[in-house]
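Please look at the sequence and the model before reading on. The paragraphs that follow go through it step by step.

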Amino acid sequence: MDKLKENQAAYYPGCALLTIDRAYNNSSKLVSKKMGIELVEIPDYNCCGIGEMKSKGAASMYMPLRNMMLAKNRLGSKNLVMACSVCYHEFSRSIARVKENQNELSAVNEIFKEAGEFNEEFIPDGEARHILEFLYNEKGVEEVKKNVVKPLKGLKVAPYYGCLYSRPSMYTFTDKKPKMDNSERPRFMHEFLEALGAETVFYGNEVQCCGGRNVVQDEETSFALCSQTISKAKKAGADVIALICPKCAGALDVNQPKIVEKFGKDSELPIVYLTQLMALAFGFSKKEAEFGDMISEPLKVLNEKGF
Amino acid sequence: MALEKHDKDKENSGGGRPVAEKGEHIVARHLIEDDNIKEEKNLVIDGVDVSGRWNTFIISRVDSDFDRSFFEEIKKTVAGSRINRCWQCGMCTASCTVTPLYRRFNPRAFIYMMQLGNLKELKKYIDVAWRCVGCYKCSQRCPKQVNPAEMMEALALVIKKYFPEEVKTKLKLDEEVKKIYEDMIIGHGRLDLAKLHTSAMQKSGRTKELLGKIERDTIFKMAKDGRAFSILRLGKPHNWSRSKEAIENYLRKLNTIENGEAGV
Ligand code: SF4
Ligand code: SF4
C-alpha cells in the first residue's frame with residue numbers, strides 16, 4: 001500500500017465504528033476531509049482490547065500496539081488517529097507504559113517476535129490521537145468556523161466528554177499535547193460547538209462516567225449514571241447531548257429506551273456525536289451525517305429547529 | 001443516589017441525629033465491624049467526665065503480622081505494579097464514581113487490604129469489588145500515581161486466585177462476560193458487538209428480554225438500515241491465528257497471578 005500524502009492521516013476505526021456506530025465513523029471522515037485532512041484506514045486492523053485485557057499483562061499492550069506497527073509498516077505513519085475514546089485510551093495506555101517500562105516493552109516485543117508478522121521491533125516513538133484533540137490541535141477552531149455554512153443557531157448542546165478522552169493524564173498526556181485540554185474541565189468540544197454557532201450548556205456531568213464498561217453485566221450502575229447525566233442536561237435546557245465515544249453512545253443512546261422505562265421521561269434526550277453536528281453545520285445533509293441511526297431520535301428536534 | 005442499602009445504614013444512621021444524605025454513610029460506619037466498636041455508657045478519662053461526648057471508640061486495628069509475600073505477588077503484575085506507592089490518603093475513594101452508588105465499594109480500603117494481605121477482610125467485599133467502571137477518576141487524582149483504577153484489576157486477579165468458590169457463585173456472570181470478551185478479542189482479533197450483547201443476555205438468563213419491544217425495535221432498526229449486516233462482514237485480521245498463538249503462549253508462560261489458568 002502507498003505511503004501517506006501530506007494531507008492524509010493514518011486512521012484506526014475500531015470495531016464499533018465499522019459496524020453499529022457508522023454515524024460516528026462517516027461523520028468523522030466527512031468533517032476531517034472538509035477541514036483538510038483525509039483519514040486513511042489502516043489495513044487489517046485488530047481490536048484494541050476494549051479494556052477487557054488489562055489483567056493480562058503485556059498481552060493487553062500487544063493488541064493496540066500491533067495497530068501502531070501496521071500504521072508505520074503499511075502507511076509509513078508513526079501516529080494514529082482514532083475517534084473512539086476507549087480505543088484511544090488503550091493505545092495511549094500501552095504507549096505510555098512501554099515508554100516508561102523496559103520490561104513491558106520487551107515482553108510486548110517477545111509477542112511480536114513470536115507472531116512473526118513484522119520484521120522490526122516495536123519502538124514507542126508515535127502517538128495515539130483522539131479525533132477531537134487532533135482536529136483541534138492540527139486545524140484549530142478557526143478552521144471549523146471557516147467551514148460553517150449552516151450555523152447551528154438556537155441549538156443548545158450539552159457537551160459530554162466522558163472518561164477516557166481526558167483521563168488519566170498520565171496516559172493521555174492531554175495536558176502535554178501542543179495545546180492542552182484540561183483533564184478535569186476539558187474545553188475543546190465546547191469551543192468547537194460554539195464555533196458551529198450552537199450554544200453550550202453547563203450541567204455538571206461533562207466528565208462523568210456512563211458506566212459503559214460494565215454495561216453488559218451491570219446495567220443497574222450504568223442506567224443510574226446515565227439517567228443522572230441525561231436529566232441534568234435536560235434540566236440545564238439542552239436540546240441534545242454531544243458525544244465523542246461510541247461506548248458512551250451504547251450507554252446513553254442505545255439503552256435510552258430502557259433508561260426511560262426505569263427512570264421516566266426526565267431521562268429522555270436526543271444523543272448525537274459531535275462530528276455529526278459538525279457535518280450538519282458544514283453543509284452535509286442529515287442523511288450523510290446518519291442522524292437517523294441514533295436510537296434517541298435527534299432528527300425530531302433538528303427538524304423542529306429547522307436544521 | 002445510593003443503589004444499595006446496607007442493613008447497617010438504618011440501624012446506625014445517626015441515632016436520631018439529623019444527618020444530611022451525604023453524611024449518612026460516615027455515620028453508618030461501614031468499614032468498621034460492630035464488634036470493633038466499643039461504646040461506654042459513662043466514661044471518665046484522667047478525672048474528666050466525658051460521658052455522652054467521647055464514649056465511642058474503635059478497638060485498635062494495628063496489624064503488624066502481615067504477609068509480605070502477598071504484596072510481592074501483586075507488585076509483579078502489570079496492573080498492580082504500583083501498590084507500594086499508596087499512602088492511604090483516600091483521594092481515590094473520594095473521587096470514585098461507584099462509591100456513592102455502592103458505599104461498600106472503597107478503593108482505598110481495598111488497596112490497604114491488598115497491601116496487608118488481609119484476605120479475611122477482602123472476602124467480605126467480593127460482592128461489590130467487581131463494580132469498578134474503569135473511569136480513571138481515581139487515577140487522575142491520586143497524588144502518588146498508584147493508578148488505583150488498575151489496582152482494581154489486580155484485585156480481581158487476587159479474588160480469582162484466592163476465592164475460586166465465591167467467583168463461581170457470586171461473580172459467575174462477570175466471569176462469563178469476561179470470557180465472551182476474551183474469546184472474541186484473542187480468538188478472532190475483532191469484537192462482534194451484536195454477538196456480545198446476545199450472548200451476555202443469554203448468560204444472564206434474559207433471553208426472553210431479547211424478544212421484548214425495546215430490543216426488537218433496535219434490532220429491526222439496525223437490520224433495516226443495514227448496520228446488522230456490517231457486523232456480519234466484520235471478519236478477522238489476516239493471519240490473526242499467528243497473533244493468537246503468540247498471545248496464548250505468552251499467557252501460558254507467565255509466572256504471575258495474571259496467568260489465570262495455572263493459578264500460580
Ligand atoms: S489516592 Fe492513591 S495514594 Fe491515595 S489512597 Fe488512593 S491509591 Fe492510595
Ligand atoms: S476507576 Fe473504578 S475505582 Fe477508580 S474512580 Fe472509577 S469506578 Fe472508582
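A:D293 and B:R227 are both buried. In this predicted model, their side chains form a salt bridge, with N and O 3.5 Å apart. A:D293 sits in the loop between α13 (274–281) and α14 (298–304) of chain A, while B:R227 belongs to helix α14 (residues 227–232) of chain B, so the pair joins two chains. The pair is also part of a network: salt bridges that share partners link A:R22, A:K287, A:E290, A:D293, B:D225 and B:R227.

Other salt bridges cross between the chains as well. One of them pairs B:E215 with A:K258, at 2.5 Å from N to O. Here B:E215 is in helix α13 (residues 213–224) of chain B and A:K258 is in helix α12 of chain A, so this pair too joins two chains. B:E215 has a relative accessibility of 7% and A:K258 has one of 10%. The cut-off for buried is under 20%, so B:E215 counts as buried, and so does A:K258.

A further pair is A:K56 with B:E182, whose closest N and O atoms are 3.7 Å apart. It runs from the loop between β2 and α3 of chain A, where A:K56 lies, to helix α11 (residues 172–188) of chain B, which holds B:E182. A:K56 is buried at 12% relative accessibility, and B:E182 is buried with a relative accessible area of 16%. A:E100 and B:R82 also meet through their side chains in a salt bridge, at 2.6 Å from N to O. Side chains of opposite charge can pair when their charged atoms come close.

The largest share, six residues, comes from α10(A). By type, this side of chain A has 30 nonpolar, 18 polar and 22 charged residues.

The size of an interface is often given as the accessible area lost when the parts come together. For chain A and chain B the buried area is about 6,100 Å², and carbon and sulfur atoms give 58% of it. In terms of contacts, 70 residues of chain A touch 65 residues of chain B.

Next comes the ligand. There are 14 residues around ligand 1, and those that come nearest are B:C86, B:C89, B:G90, B:C92 and B:C142. In chain B, α4 (91–95) and α5 (107–116) are the elements that give two or more residues to this shell. The shell is made up of 10 nonpolar, two polar and two charged residues.

Some details of the backbone remain. The peptide bond from A:R167 to A:P168 is cis, with omega near -15 degrees. A:P168 is placed in the loop between β5 (156–159) and α8 of chain A. Two residues other than glycine have a positive phi: A:I50, near 45 degrees, and B:D46, at about 45 degrees. A:I50 is in the loop between β2 (38–41) and α3 of chain A and is buried, at 13% relative accessible area. B:D46 is in the loop between β2 (44–45) and β3 (48–49) of chain B and is exposed, at 77%.

Notes: Residues are numbered from 1 along each chain as its sequence is written. Chains are lettered from A and ligands numbered from 1 in the order in which they are written. This is a predicted model: local features need pLDDT of at least 70, side-chain atom pairs count only at pLDDT 80 or more; totals for chains, interfaces and linings use all residues. Side-chain values use heavy atoms; hydrogens and water are left out. A residue is near a molecule or strand if one of its heavy atoms lies within 4 Å of it. Helices (H or I, at least four residues) and strands (E, at least two) are DSSP runs, numbered from the N terminus. Ala, Val, Leu, Ile, Met, Phe, Trp, Tyr, Cys and Pro count as nonpolar, Asp, Glu, Lys and Arg as charged, and the others, Gly among them, as polar. Contact means heavy atoms within 4.5 Å. Buried area is the accessible area (1.4 Å probe) that two parts lose on being put together, summed over both. A salt bridge is a side-chain nitrogen of Lys or Arg within 4 Å of a carboxyl oxygen of Asp or Glu. Buried means under 20% relative accessible area, exposed over 50%, partly exposed in between (1.4 Å probe, protein chains only).
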